[in-house]
Amino acid sequence: MPALTPDTIRAATDTLCRLTEYLRGNPDPQEALALVEPLLDEYTGLPIQLGDTLRALARAVQSHPSTPRSEEISDLVTELRAAAWVQTDQHTLQYVLDELRKAIVSAASSEPGCGRCR
């Protein structure tokens, strides 16, 4: 695996920017859901990954020997950990996608002129 650099992380955020722009172009909802689904996977999606990343950052900062031991640093580390939990709690968005997909499929199959209605 290549070494991580700020540029490799920026490439990931650039991809997210491209996805956002694509979605603003009003693509087919099924295709849009398929593209967003990996981002919100309940086990490996962005909410889980970002929460884990924030917790790992807090741990790295707090446990590093050169980090000053101060109340300010402690408070900031606590904020990182709190933010991590907020992010992780968003894992339930996967269920929103599932329900949205069901509603779209259901609405499409009940429209006049659909393949089943002939």
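**View 1. Where helix 1 meets helix 2.** In this close-up, L19, Y22 and L23 of helix 1 touch E31, A32, L35 and V36 of helix 2, contact meaning heavy atoms within 4.5 Å. Six of the residues in this contact are nonpolar, none is polar and one is charged. Welcome to a predicted model, in which local features need pLDDT of at least 70, side-chain atom pairs count only at pLDDT 80 or more, and totals for chains, interfaces and linings use all residues. Residues are numbered from 1 along each chain as its sequence is written, and side-chain values use heavy atoms, with hydrogens and water left out.

**View 2. How the two helices are arranged.** Helix 1 (residues 6-24) and helix 2 (residues 29-36) pack at an angle of about 165 degrees, and their axes are 11 Å apart. That makes helix 1 roughly antiparallel to helix 2 (angles over 145 degrees count as such). Helices here are DSSP runs (H or I) of at least four residues, numbered from the N terminus.

**View 3. The largest nonpolar core.** Five residues form this core: L19, L33, V36, L40 and L97. Such a core is a set of buried Ala, Val, Leu, Ile, Met, Phe, Trp, Tyr and Cys residues joined through side-chain atoms within 4.5 Å, where buried means under 20% relative accessible area (1.4 Å probe, protein chains only). Beyond its neighbours within four places in sequence, L97 contacts L33, V36, E37 and L40.

**View 4. A look at T92.** T92 sits in the loop between helix 4 (71-89) and helix 5 (93-110). Its relative accessible area is 36%, so T92 is partly exposed (between 20% and 50%). The C-alpha atoms of T92 and L46 are separated by 11 Å, with the two residues 46 apart along the chain.

Key:
Axes are lines fitted to C-alpha atoms, for helices over the stretch in contact, and angles run from 0 to 180 degrees between N-to-C directions. Angles under 35 degrees count as roughly parallel, over 145 as roughly antiparallel, 65 to 115 as roughly perpendicular and the rest as oblique. Ala, Val, Leu, Ile, Met, Phe, Trp, Tyr, Cys and Pro count as nonpolar, Asp, Glu, Lys and Arg as charged, and the others, Gly among them, as polar.
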